[in-house]
Amino acid sequence: MTVTAPREAATPLILTHPETKVDPRRPIETLDDLVKHLKQAAYLEMSTIPMYLYPSFSIASRGYSQWDPGMGAFRLIRSIVVEEMLHLCLVRNLLVALGKGDEISFYRKDFAPTYPSYMLHRWPPLVLDLGPCTRELVRDVFMEFELPSPAIGAGAVPDGWYATIGEFYAAVGKGLKTLNDTTPDLWKQNKPYLQYITAYWNKDGGGEPVAIKDLETAQEALKTIVEQGEGASPDMLTVPIDPLKPVPGLDEMPHYIKFKRIADGVEPIGPVWPLPTNPTAEIYRDDERVRSINTLFNAVYSYVLYMIDMVYTSSREDVTPGQDNPRYHYERTFISAMQGILVTVAQTMVATRADIDQSSGTRLGPTVRADAAATMGPGPAVITNAGPTFEFHELPETGKKKHLMDLCDAAMVHFPQLGGDNSVRWLIGKLPDEL
């Protein structure tokens, strides 16, 4: 399902996966068209999560002042990531409400984004990268991704393409309205008990899951997605923390403005680990240390996606206070696995020397490392630290928790800090067993 992007391409691409191929030049007039657009919306939202997490992991501190760092780039990006996860779930809630929830899965190799790749249906073309945090990356890629209105000087948008995500969601909203007016049983297959509407947390952002049951609540979900950043008006320097229940004075910045503050240097990035751009596991093939922790990272990343899928296959109607229930565990597991395990593994990894020459994708020997250290400067960069690759990892059919424990044990040979009280190994042990 991934679209790989050659840098020299001059035209936008669409997904060629047979499940989601659409003709964006045509209005959305059938349920099949709407579902395909929503699948692409989910893929679009998912592509932001590694793209934003990677540079946040590269930030070696929380700002210029460790005593009182202020908001800073890390917290701003973290708030955006959590809101993007909310948007991902809102799109999936909408698919469930349309009776099509079983037609999408996040834990799939062909649904996991790879980088570099094109932003879907974007004009002018925009290539998405995984890279260490710089003001240039934020300005040239992230702000362009979250662009609230067509760029000045971008030229005419070819028929059917979109200059912003807001335009894409506007087409989805228009299609929803058309189908709601022409299809009396549009919402009859809804399974509201499978939608995700609880256990949401975002310290520096806002919004909340929406239980979708009709056109009005579907439009509320789209409103949340758009107003938080993907299509908010360029004149809106702030938006309500809760777009659906605005309270005077309780505001936050939309994604575009948050990124602009970083790009303009208002919110400091601070020191950044030297990480590779668009890394793959292949460049770590000769380094057992980095290979072991990168494998653990990818497994946890895939496990988080698997847990979100499990949320959407278990009923929240069975949740009873004081009683054990799979849905309760799944909802809290994907959040805790991401915040407590994935982030900690990544922070350990990015602080690790990898000695990778990105220009050749090979590991440097001792002599080359010494020469490189003496000649660092303009030209091909010698990458000295390891970046997580965000690649799909096939988990076993049964024993997924044990699989993570085994991978963590293998990585602990090289990274003993992953073990001990309140550690990654300890947290993995607290994950629910097979349910």
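**Ground rules.** I number residues from 1 along each chain as its sequence is written, and side-chain values use heavy atoms, with hydrogens and water left out. Because the model is predicted, local features need pLDDT of at least 70 and side-chain atom pairs count only at pLDDT 80 or more, while totals for chains, interfaces and linings use all residues.

**Helix 6.** I took helices (H or I, at least four residues) and strands (E, at least two) as DSSP runs, numbered from the N terminus. I looked up helix 6, residues 255-263, and found seven of its nine residues buried (under 20% relative accessible area, with exposed over 50% and partly exposed in between; 1.4 Å probe, protein chains only). The buried ones are His 255, Tyr 256, Ile 257, Lys 258, Phe 259, Ile 262 and Ala 263. Their cover includes helix 1 (31-58), helix 2 (72-97), helix 3 (135-145) and strand 4 (251-252), where contact means heavy atoms within 4.5 Å. After helix 6 comes Gly 265, with a positive phi near 80°.

**Backbone.** I noted a cis peptide bond from Tyr 115 to Pro 116, omega near 0°. Pro 116 sits in the loop between helix 2 and strand 1 (117-118). Trp 123 and Pro 124 are also joined by a cis bond, omega about 0°, and Pro 124 is in the loop between strand 1 and strand 2 (127-128).

Phe 390 has about 50° and lies in the loop between strand 7 (382-385) and helix 10 (400-412). Asn 422 has about 55° and lies in the loop between helix 10 and helix 11 (424-430). Phe 390 is buried at 1% relative accessibility, whereas Asn 422 is exposed at 60%.

**Pockets.** I used a 1 Å grid over the protein atoms alone; a pocket is an open set of points where a 1.4 Å probe fits, with protein on both sides within 12 Å along at least five of seven lines, and lining residues have an atom within 4 Å of a point. The largest pocket holds about 370 Å³. Its lining has 20 residues, with Arg 78, Val 82, Trp 201, Met 338 and Gln 339 nearest the centre. Helix 2 gives the largest share of that lining, seven residues. I counted 16 nonpolar, three polar and one charged in the lining of the largest pocket.

The second largest pocket holds about 210 Å³. Lys 100, Gly 101, Asp 102, Lys 191 and Leu 194 are the closest to its centre among 14 lining residues.

Notes: Points joined across faces, edges and corners; volume = space filled by probe spheres on them. Nonpolar A, V, L, I, M, F, W, Y, C, P; charged D, E, K, R; others polar.
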